[in-house]
Amino acid sequence: MADYKAPLRDMRFLLNEVFEVAKQWETMPRLSETADPETADAILEEAAKISQSLLAPLNRSGDEEGCRWENGQVFTPAGFPQAYRTFIEGGWCGLGGNPEFGGMGMPKTIGAQVEEMIQSANISFGLYPMLTAGACLALDAHGADELREKYLPNMYSGIWSGSMCLTEPHSGTDLGIIRTKAEPQADGSYAVSGTKIFITGGEHDLSDNIIHLVLAKLPDAPAGPKGISLFLVPKFLVNEDGSLGARNTLGCGSIEHKMGIKASATCVMNFDGAKGWLVGELNKGLACMFTMMNYERLGVGVQGLAAAERSYQNAVEYARDRIQGRAATGPVAKDKAADPIIVHPDVRRMLMTIRAMNEGSRAFSTYVASFLDMAKYADDSATRVNAEALVALLTPVAKAFLTDRGFDSTVFGQQVFGGHGYIREWGQEQLVRDVRIAQIYEGTNGIQALDLMGRKVAANNGKFYELFANEVAAFIEANRENPALAEFIAPLSAAIERLSDVTEHVLNQVKSDPNAVGAASVDYLDLFGYTSFAYMWARMVLVAKSKVEGDTSGFYDSKIKTARFFFSRLLPKTMALAESVKSGAADTMALAAENF
Amino acid sequence: MKVLVAVKRVIDYNVKARVKADQTGVDLSNVKMAMNPFCEIAVEEAVRLKERGVATEVVVVSIGPKAAQEQIRTALALGADKGVHVETDVEVEALAVAKLLKAVVEKEQPGLIILGKQSIDTDNNQTGQMLAALCGYGQATFASEVTVSGDKVEVTREVDGGLRTVALKLPAIVTTDLRLNEPRYASLPNIMKAKKKPLETVSPADLGVDVTPRLKTLKVVEPAKRSAGIKVASVEELVSKLKNEAKVI
Ligand SMILES: Cc1cc2nc3c(=O)[nH]c(=O)nc-3n(C[C@H](O)[C@H](O)[C@H](O)COP(=O)(O)OP(=O)(O)OC[C@H]3O[C@@H](n4cnc5c(N)ncnc54)[C@H](O)[C@@H]3O)c2cc1C
């Protein structure tokens, strides 16, 4: 397996040249205090170092060994506790955290790059701090001051970690039917009882305390999603002076044996009258999760990219090295028995597809991250409202499209290895197994598509969509006369017109067919994904074209060539997707359930 | 006690170095640069001395182009307190480096000066020794252990036959070997603090040193490609080949 090399050049290109995030920071006082280009760059360098030399070496061994459950205790694989120590000593758990409580206050545009590197190196490891960061976001946004003061500093420092306890055996997608109960106590706390399953990092040996954020219902709560509240339930109770007290009445019943991310503990958590505290308002538990959820969903999307990037690096090295067959245009490596397989067009197709999708994904996640930053830090409310709408619209695309294409890419990366891709020692099959979960958790990709089409497009009659379409239209307008961009502007404008047309079509269909959204949503999300990637590629190429002359590194030239591949070989998929979406729901629903 | 550490910006150890087409040197355009690994060890040792309360201030100095400030910032993020950048675009040779460092030593008056034993780009292994001679200080090269007590420093050196321990009177020069320590990762809070730490820029002229090269590089070429090996059938054959073909025994 190739050594992981963080794609810092591409990250810098996006941050400094395409999106010019430093200019954005200057307009946002709370960010301009913490973030500047030099510091950001030093952070990326160090994150690359940690990912490459601390986390990547534990990826394969962690997969082989897995986690171990013994009498309620969970042990992570060899090397994980030490690596976690080093990781938290670096302060990485608090990267995006609120500075008031010891966080670093770094923007998400930087956080997304750091997450990519960590997840490329080791998804299983990356999940522990990722869950902590998610719990901190919810707690910081909705928790009472005493809770924030008591818990956030130790969570940002990583001494304590976090978990998110939503799923129950009978309740996954449909959280409205959860059964975990919270009974009010005389001292203002709650006694939480119930069973949660699939809890990532619910128990492990990395941190001194684990702070669970648990969804539960009060005995008299309204039925359905409107009766759900959010509680903070620590593994160890915390004394007034901040020291650890008694063990709370909760425990880990077992861990799952699963397809991938084997070094990440997926736990059954039993709460038995455990002491907890309300976070946010009663019965507003799901709403409290929303802010956090956009960050987490983008983070899961980035996992898709991260695994695909690793797979790509391995596949390129292998394709240059493995000799098999001769190039169609005549022998290339004449001194060898055969040519390296990178000469074969079909191998190229796979490598170019991964590359085009990865660079598109990195641009798109950075783009969405920039709206998350605006939504959180912008000074004027109009910018915030606008950014919030775009975050709402684009997050399901980032989560589902990046993980679906990321999974495809890890399979391509495996395919490049032929039979060797199926063998453990090359590492390609682990990437396929590890990334597969990203399509499922944090809301399945099917649910993301429903969210996009139902809630984010149809429910507001295309208002959010219009914001996005207008931005793309403005870009097209501004560059229509630019000869350097001509070959890209025409297909981009055709694609956005197609998407707008399909969107309108669906908005009409919804009125007469309740199944219209459900039947079309995944294809619609893909159509949206390819179209927004076309916009990303056009923006990247605009910069690349202006800098390609005299550049001896080949970076800009490769950008332009990869953009051409995206436009000619991948964007045409939007035509087929548009046709599928427009065909309606009837044929999907025609077969009676008993005839399957 | 103040500790002065010299750090050099070099081609990253992960990069496969390529010779320029005109054979005048190594191609450094578009190549990742980093702090010389032995210098990282020197910074780490100084920071540890500070953490142990032995050192009161750690000053890092780097000689090189504007971009060398990145390496100074890296050292500041690892825990050094102050940076001095001697800015020059000339490829400064070991003797000139030693002269510039001597000027900085005179200004800063450190009790201990730590350098890498060599830089991985030119592998000269000269600067520390030259600096010791110019300053008239004692030197302990290839250090694998450094203990300061009072006005003395005890240094365990890695020599061919094993380890040799020497005691030097301070101020003294120490150059680091690989086993001295394992450098830490920079922490986020320190990375963020680094930009607020002082970094002073001076020129060789300010320090009164002429850095004009005295050596002329005639040609730089890549090492000859290794030819394929062969498998020998027996120990006898191996011995015979070592004797008769390789002529090494
Ligand atoms: C390794 C792992 C880690 C996890 N980590 C966590 C964690 O930390 N915390 C946590 O709370 N949960 C966690 N989960 C749970 C995960 O989020 C759920 O598995 C996921 O949300 C789906 O729920 P489910 O498994 O009950 O599937 P179901 O909800 O039963 O869904 C089954 C299928 O039906 C589809 N479906 C369901 N409802 C609809 C609908 N209304 N319309 C269309 N299609 C629908 C789904 O898309 C899916 O394809 C984890 C799961 C795994 C496997």
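Guide: This is a predicted model. A polar atom in the side chain of Thr167(A) sits 2.6 Å from a nitrogen atom of the ligand.

Visitor: What lies 2.6 Å from an oxygen atom of the ligand?
Guide: A polar side-chain atom of Thr173(A). Leu166(A) also has a backbone N or O atom 2.9 Å from an oxygen atom of the ligand.

Visitor: And how much of the ligand's accessible area does the protein cover?
Guide: On its own the ligand has 970 Å² of accessible area, and the protein covers 60% of that.

Visitor: Which residues come nearest to the ligand?
Guide: Of the 17 residues around the ligand, the nearest are Thr167(A), Thr173(A), Phe198(A), Thr200(A) and Thr444(A).

Visitor: What classes of residue make up that shell?
Guide: Ten are nonpolar, six are polar and one is charged.

Visitor: Where does the largest share of the shell come from?
Guide: From S5(A), with three residues. Strand S5 (190-200) and helix H14 (445-458) of chain A each give the shell at least two residues.

Visitor: Switching to chain B. Where is Ser62(B) found?
Guide: In strand S4, residues 57-64 of chain B.

Visitor: Is Ser62(B) buried or exposed?
Guide: Ser62(B) is buried, because its relative accessible area is 1%, and the cut-off for buried is under 20%.

Visitor: What does the side chain of Ser62(B) have a polar atom 2.8 Å from?
Guide: The backbone oxygen of Val7(B). Leaving out residues up to four places away in sequence, Ser62(B) touches Val7(B) and others, including Lys8(B), Ile72(B) and His85(B).

Conventions: Residues are numbered from 1 along each chain as its sequence is written. Chains are lettered from A and ligands numbered from 1 in the order in which they are written. This is a predicted model: local features need pLDDT of at least 70, side-chain atom pairs count only at pLDDT 80 or more; totals for chains, interfaces and linings use all residues. Side-chain values use heavy atoms; hydrogens and water are left out. Helices (H or I, at least four residues) and strands (E, at least two) are DSSP runs, numbered from the N terminus. Buried means under 20% relative accessible area, exposed over 50%, partly exposed in between (1.4 Å probe, protein chains only). A polar contact is a pair of N or O atoms within 3.5 Å; within protein, one must be able to donate a hydrogen and the other to accept it, and residues adjacent in sequence count only if both atoms are side-chain atoms. Contact means heavy atoms within 4.5 Å. A residue is near a molecule or strand if one of its heavy atoms lies within 4 Å of it. Accessible areas come from the Shrake-Rupley method with a 1.4 Å probe; for residues, only the protein chains shown count as cover. Ala, Val, Leu, Ile, Met, Phe, Trp, Tyr, Cys and Pro count as nonpolar, Asp, Glu, Lys and Arg as charged, and the others, Gly among them, as polar.
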